[in-house]
Amino acid sequence: MFYHDFQVVFQEVPGEISLCFSISGCPLRCEGCHSPFLWKEGNGNELTPEYFQTLLDQYSGFATCVVFMGGEWHREELVAHLKYARQQGYRTCLYTGEDNVPFNILEHLTWIKTGRWDKDLGGLDSHTTNQMFMEVMTNRMLNHLFISK
């Protein structure tokens with residue numbers, strides 16, 4: 001599994017300081033995608049277990065969540081990273097353009113964002129979006145956290 005970018009982010013999961021990994025090889029190729037460079041498998045650097053563990057150790061006590069922008073197409077590696085993050089006390093989140101992901105991924109997530117990007121419907125900050133941001137354990141939709149009042 002390769003990641004193109006690693007960032008510390010504040011908006012992807014409201015109320016959380018998140019370590020965010022943008023995973024390359026996205027098969028969806030949504031029209032209007034803001035990150036078409038993520039379509040090519042192998043772009044970026046390999047997200048080895050050792051490097052992942054080093055980053056989580058480095059940000060322990062500061063960051064509270066680990067977010068994967070994609071990666072569900074690398075199920076075994078994604079699950080291994082999610083399990084490790086949870087063991088280290090991090091909450092977890094997956095942003096996917098799919099509407100559903102397998103249970104063996106869901107069971108390791110705190111939150112999930114589903115739904116393809118549709119420029120006519122907008123993102124999570126839009127009242128008309130097709131995307132959903134859900135708390136996995138309760139199956140509660142939390143899109144309202146992204147909409148300005």
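**View A. Strands at the second largest pocket.** β6 (111–114) and β7 (132–135) each contribute at least two residues to the lining of the second largest pocket. Of these strands, β7 is the one that gives the most to this lining, with 3 residues. Please keep in mind as you look around that this is a predicted model.

**View C. The centre of the largest pocket.** Now we turn to the largest pocket, whose volume is about 920 Å³. It is lined by 35 residues, and those closest to its centre are His-34, Met-69, Tyr-95, Lys-113 and Gln-131.

**View D. Strands at the largest pocket.** The elements giving two or more residues to the lining of the largest pocket are β1 (2–9) and β2 (18–23). With 4 residues, β1 provides the largest share of that lining.

**View E. Residue classes around the largest pocket.** What is the make-up, by class, of the lining of the largest pocket? The lining has 17 nonpolar residues, together with 11 polar and 7 charged ones. Among the residues closest to the centre of this pocket you can pick out Tyr-95 and Lys-113.

Methods:
Residues are numbered from 1 along each chain as its sequence is written. This is a predicted model: local features need pLDDT of at least 70, side-chain atom pairs count only at pLDDT 80 or more; totals for chains, interfaces and linings use all residues. Side-chain values use heavy atoms; hydrogens and water are left out. On a 1 Å grid over the protein atoms alone, a cavity is a set of points where a 1.4 Å probe fits but cannot get out, and a pocket is an open set with protein on both sides within 12 Å along at least five of seven lines; lining residues have an atom within 4 Å of a point. Grid points are joined across faces, edges and corners, and a volume is the space filled by probe spheres set on the points. Ala, Val, Leu, Ile, Met, Phe, Trp, Tyr, Cys and Pro count as nonpolar, Asp, Glu, Lys and Arg as charged, and the others, Gly among them, as polar.
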